Structures are given as structure tokens and as C-alpha cells.
Amino acid sequence: MRYLLLICGTPFPGTDDCDEPMDEKTQVWVDEMTARGVRLSGSRLRSAATATTIRHRDGELLVSDGPFAETKEQILGYDLIECADLDEAIEIVSTHPVTKFATIEIRPIWPTP
């Protein structure tokens, strides 16, 4: 089963201006999970301040700058993993270094017909 890992937390100041690679511990986790065939893809995201939100309301297209919801925590990044079941997904996520300062939401993905 595929799971989307939503990495949520408070962004560090200056992250939108930083194109440095991820920290070493996270890179080790990414490399290990990719080599195991568990991690299919993933990436960091720029801050919610760079978001564009699209809605249709009353037949009109509304395009807004910024996130859908104003919150202190943001989605900082994501990983797409494939595991046998939720227990394996939890085991995989429990080893992710960002759990020390952020929260990871594990969300099962509906299979594509």
C-alpha cells in the first residue's frame, strides 16, 4: 500500500532563500529508504507564503496568494512510500530524523483504478 507522509512543522526563518541540501541525517534516511525500495519520491516544500490557492465559487475562478488556511504549522515536505501495511509505515516513519522537531502524518493513498 502507498502512503503519503506529510511533514508538518514551523518553518525555520530564511528557508525560502535557502537552497542548501537537506541535513545529513535526513539524507541518510532518504538514501536508505530509497535503496530499500520503500521511498518512491519526496521533497521539501517552499513556505506557505509562496502558495497559490485555486477555488471555484458561484461559477467564478478565484486565485489567491498564500495558503488555504492560516496556521502556525505548515506542510514542510512530503515523502511517498510503499509498505505492506500501516504497521510497516509506522516503523519506517519512526526512524525519520525530522520527527525530532516536526510531525509526520501518514495518509494512505486510494489506489488508482
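Hi everyone, let's start at W29, which touches L5, R39, D79, I92, T95, H96 and P97, leaving aside residues up to four places away in sequence. Contact here means heavy atoms within 4.5 Å. Before going on, please keep in mind that this is a predicted model, where local features need pLDDT of at least 70, side-chain atom pairs count only at pLDDT 80 or more, and totals for chains, interfaces and linings use all residues. Residues are numbered from 1 along each chain as its sequence is written, and side-chain values use heavy atoms, with hydrogens and water left out.

Searching the whole structure turns up four of them. R39 and D79 form one, at 2.6 Å from N to O. R39 belongs to strand 2 (residues 39-44) and D79 to strand 5, so this pair ties together parts that are 40 residues apart in sequence. Strands are DSSP runs of E, at least two residues long, and helices are runs of H or I, at least four, numbered from the N terminus.

Are these two partners buried or exposed? R39 is buried at 13% relative accessibility, and D79 is buried at 4%. The cut-offs are under 20% relative accessible area for buried, over 50% for exposed, and partly exposed in between, with a 1.4 Å probe and protein chains only.

Next comes R2 with E82, a salt bridge whose closest N and O atoms are 3.7 Å apart. This pair also links distant parts of the chain, with R2 in strand 1 (residues 2-9) and E82 in strand 5 (residues 74-82), 80 residues apart. Here R2 is partly exposed at 41%, and E82 is partly exposed at 35%. E32 and R36 make another salt bridge, with 3.8 Å between the closest N and O atoms.

Now back to W29, this time in the largest nonpolar core, which has 15 residues. Such a core is a set of buried Ala, Val, Leu, Ile, Met, Phe, Trp, Tyr and Cys residues joined through side-chain atoms within 4.5 Å. L5, W29, I81, C83, I92 and I104 have the most contacts inside it. Strand 1, helix 1 (24-35) and helix 2 (86-94) each give two or more residues to this core.

Finally, how many disulfides are there? Zero, taking a disulfide as a pair of cysteine sulfur atoms within 2.5 Å. C83 is buried at 4%, and C8 is buried at 15%.

Notes:
A salt bridge is a side-chain nitrogen of Lys or Arg within 4 Å of a carboxyl oxygen of Asp or Glu.
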